[in-house]
Amino acid sequence: MDRQKGQLLNQLDKLLPEGLVVDSAWLKRQGYSTQLQHLYVMRGWLEQPTRGVFRRPRYELSWQQVVISLQGILNYSPLVVGGRTALELQGYAHYLPQATIRVHLYGPKSPPYWLDKLPLSVKFVYHNDRRLFKNEPVAKGISSVRWNVETGEMTDFTAFRGGDIARLNWGQWDWPLTLSTPERAVFELLDELPNNESFEQVDALLGGLANLRPDRLQKLLKDCASVKVKRLFFYFADRHQHAWLKRLDKEAVDLGHGKRMLVKGGVLDPTYHITVPGDLDGIR
């Protein structure tokens, strides 16, 4: 191997941390031709989990490694883990009996086509968050946690004490995984009603969220573009009467006009003019 190729191989150790993934276009921008990529695969210096995608070999590929790669290396930021998945990662899974088999991603730009071709046991579900939110609600809606890509564990929750994106140092194994705060994730979850989530599970979840931050909720209510989601939020909030509800200014929230039929044959809620399942009152 000539000196230039040797230098490129040494450089790859610094550019591409073990376990994370990049695509062929990224490697080409760093100076690695298609021929060199194929050589590295043949020599075992790179592995190819699917066509056009590469990683330095290190333990089994996880979906967290893939998302961290999109957020931190491949410039798909802001792309965040949200909705049900974000709530599960933050310890609310006991309110949501379904195990994580779908990973919900939110952002203004679709993730790459090869995402669902990776050998993973999960399915990625992309949502355009500009449809749900307006006015760039990022500052109050997402944060980062330190995720150890070797052990597959979250190692730092401190970022969730504030509202802004945490600026974490990236160690050898600890990388920032950016996800929705519980407040924003609730709005994303409500948006999945009634087709992709059940009223019973969402009701149980909201019943356990007594510690949401009203300042974040008020900002998200202002930035939420969905009348359906805002009405559902207040409907469930009224059912459970958490302390944070008293600190929200409902009059400042645009709840739109007219009725919203969410459940065929359901009961019309007289306050928020949405149809809900008739048996919800019996599950608390």
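Author: Helices here are DSSP runs of H or I with at least four residues, and strands are runs of E with at least two, numbered from the N terminus. The model is predicted: local features need pLDDT of at least 70, side-chain atom pairs count only at pLDDT 80 or more, and totals for chains, interfaces and linings use all residues. Residues are numbered from 1 along each chain as its sequence is written, and side-chain values use heavy atoms, with hydrogens and water left out.

Reader: How many of the 14 residues of α11 are buried?

Author: Buried means under 20% relative accessible area, exposed over 50% and partly exposed in between, with a 1.4 Å probe and protein chains only. Helix α11 is largely enclosed by the rest of the structure, because the buried residues among its 14 number 13.

Reader: Is His 242 buried or exposed?

Author: His 242 lies in the loop between α11 and β10 (267-268). Its relative accessible area is 11%, so His 242 is buried.

Reader: Which backbone oxygen does the side chain of His 242 reach?

Author: Contact means heavy atoms within 4.5 Å. Not counting residues up to four places away in sequence, His 242 touches residues including Gly 207, Gly 208 and Ala 237. At 2.7 Å, its side chain reaches the backbone oxygen of Leu 206.

How values were computed:
Polar contact = N/O pair within 3.5 Å; in protein donor to acceptor, adjacent residues only side chain to side chain.
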